[in-house]
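Hi,

Here's the structure I promised to pass along.

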Amino acid sequence: MAERSIEIVVPPREPHYVGDGFRVHNFIPSGYRLDMERMDPFIMLDYGSPHYFPPSDKPRGVSVHPHRGFETVTIAYKGRVAHHDSAGNSGVIREGDVQWMTAASGILHKEYHEEEFSRSGGDFQMVQLWVNLPAEFKMSPPKYQALSHHQLGKHILSEGQGMVEVIAGKYEETQGPATTFSPVHLMNARLNQGAEADFSFPAWFATALLVIEGKVQVNEKEEVPANHFVLFGTDGDSFSIQALEPSVVLVLSGQPLEEPIAAHGPFVMNTREEIAQAFDDFRKGKFGYLE
Ligand code: MN
């Protein structure tokens with residue numbers, strides 16, 4: 001197994017607000033070298049680093065908006081997110097939970113701080129990752145996978161080093177519960193101080209990590225602090241993470257779709273004609289209705 005080199009360590013950009021509830025650092029596609037083509041099949045990653053929101057009677061968030069052509073994956077690390085959609089689905093993403101929403105042919109939804117969290121205020125930390133869909137599935141029916149923390153695959157590391165929680169794909173023999181439309185591995189490494197975990201994915205997969213908490217060393221040489229993103233090269237399959245402090249690291253690896261990308265705001269398709277169609281369908285109410 002050849003070691004995968006570190007291509008670049010990307011510090012968090014200045015945060016911006018999505019709606020009034022999500023204070024995020026965008027890594028994909030605006031981070032240096034993290035454009036959609038390089039990160040294929042990952043087309044967007046917004047990271048809300050830990051931030052205290054004071055109590056509010058009116059839940060902060062993002063009002064009704066559409067999506068078509070991809071999946072949105074929301075991981076709550078701190079705080080709680082409530083969502084509602086035009087198909088009548090709703091739910092709460094609690095600490096440690098993951099929501100894997102397949103927007104596919106189109107959905108309207110809204111995403112807010114959960115009411116009780118909003119009223120009491122508190123620390124909020126989350127990731128939203130967009131995974132592109134292969135052309136043949138872009139117009140398939142929308143669906144949800146609400147994955148609670150206890151459903152995630154749990155691989156216990158030896159000698160009390162911690163665990164790897166698998167959301168999608170595989171770590172060693174542990175499978176994650178999320179079903180995907182192309183090969184995607186997504187997992188949280190929860191490492192105790194001094195722990196070391198090894199990861200291996202096909203070399204050509206777009207592979208990266210985000211340090212959610214703590215401080216790690218990658219491949220026994222590069223120190224990476226919290227809120228920093230590491231993009232790996234495609235020159236090898238394996239890398240290692242050493243926890244210099246108790247750490248949580250989000251690891252992502254996906255097989256590139258290698259299809260043309262036409263992206264405009266909440267629509268990610270293969271051609272400009274399909275984007276125009278999405279706007280047209282949206283105007284005509286074909287995404288349904290949500291107050
Ligand atoms: Mn959304």
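Predicted model: local features only at pLDDT ≥ 70, side-chain atom pairs only at ≥ 80, totals over all residues.

Let's start with strand E14, which runs over residues 162-168. It is mostly covered, with six of its seven residues buried. E14 has pairing partners that you can pick out in the viewer. One of them is strand E13, residues 153-156, which pairs with E14 in the antiparallel sense over four bridges. Five residues sit between E13 and E14, and the two strands form a hairpin. In that turn, check out glutamate 159, whose phi is positive at about 55 degrees.

E14 also pairs with strand E17, residues 184-191. This pairing is antiparallel too, and it runs over six bridges. Here methionine 163 stands opposite arginine 190 in E17.

Now for the loop residue, arginine 94. Where does arginine 94 sit? You'll find it in the loop between strand E8 (90-93) and strand E9 (98-102). Its relative accessible area is 44%, so arginine 94 counts as partly exposed, since that class covers values between 20% and 50%. And what does arginine 94 touch, leaving aside neighbours within four places in sequence? The answer is Ala76, Gly79 and Arg80. Isoleucine 75 is 19 residues away from arginine 94 along the chain, yet their C-alpha atoms are separated by 8.7 Å.

Cheers

How values were computed:
Residues numbered from 1 in each chain as written. Heavy atoms only, no water. Buried < 20%, exposed > 50% of the residue type's maximum accessible area, 1.4 Å probe, protein only. Pairing = 2+ DSSP bridges. Contact = heavy atoms within 4.5 Å.
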